[in-house]
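Let's walk through this protein together, going from the whole chain down to single residues. Have the structure open while you read.

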Amino acid sequence: MARQITHGSTVPALEQRVAVLERQVAALTEATRLLAAALEGTPLDSAGDVAARTARRAHELLLLPPLTSTGPR
């Protein structure tokens, strides 16, 4: 699953790998933001509904297939 950067890696290959990693970090960041927002809530929120929906959405984000580059190689 984890690929190593080899000594002979080309610049385009490394750029593609970085782009994929950046998209994965963005998805994790969004999932974390959603979970934090659900946990914070407000005193007027009904605790169960909002937290459950938000947690489900964050979980769906994390279940998305791995993001790969669709650009030219």
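## Ground rules

Helices (H or I, at least four residues) and strands (E, at least two) are DSSP runs, numbered from the N terminus. This is a predicted model, where local features need pLDDT of at least 70 and side-chain atom pairs count only at pLDDT 80 or more, while totals for chains, interfaces and linings use all residues. Residues are numbered from 1 along each chain as its sequence is written, and side-chain values use heavy atoms, with hydrogens and water left out.

## The whole chain

The protein chain has two helices and zero strands. Of its 73 residues, 11% are buried; buried means under 20% relative accessible area, exposed over 50%, and partly exposed in between (1.4 Å probe, protein chains only).

Now for contacts, meaning heavy atoms within 4.5 Å. Among the chain's contacts with a separation of 6 or more, 60% join residues 24 or more positions apart.

## Helix H1

H1 covers residues 11-40. With 30 residues, H1 reaches 43 Å from its first C-alpha to its last, close to the 44 Å expected at 1.5 Å a residue. That expected span is 1.5 Å times one less than the number of residues in the helix.

Which residues of H1 are buried? They are Val20, Ala27, Ala31, Leu34 and Ala38.

A salt bridge is a side-chain nitrogen of Lys or Arg within 4 Å of a carboxyl oxygen of Asp or Glu. Searching the whole structure turns up one: glutamate 30 pairs with arginine 33, and their closest N and O atoms are 2.7 Å apart.

Both partners sit in H1, three residues apart, or about one turn of the helix. An α-helix has 3.6 residues a turn, so residues three or four places apart point the same way. Glutamate 30 is partly exposed at 31% relative accessibility, and arginine 33 is partly exposed too, at 46%.

## Zooming in on leucine 34

Leucine 34 is also in helix H1, and it is buried, with a relative accessible area of 14%. Leaving out residues up to four places away in sequence, leucine 34 touches Thr54, Arg57, Ala58 and Leu61. Histidine 59 is 25 residues from leucine 34 along the chain, and their C-alpha atoms are separated by 9.8 Å.
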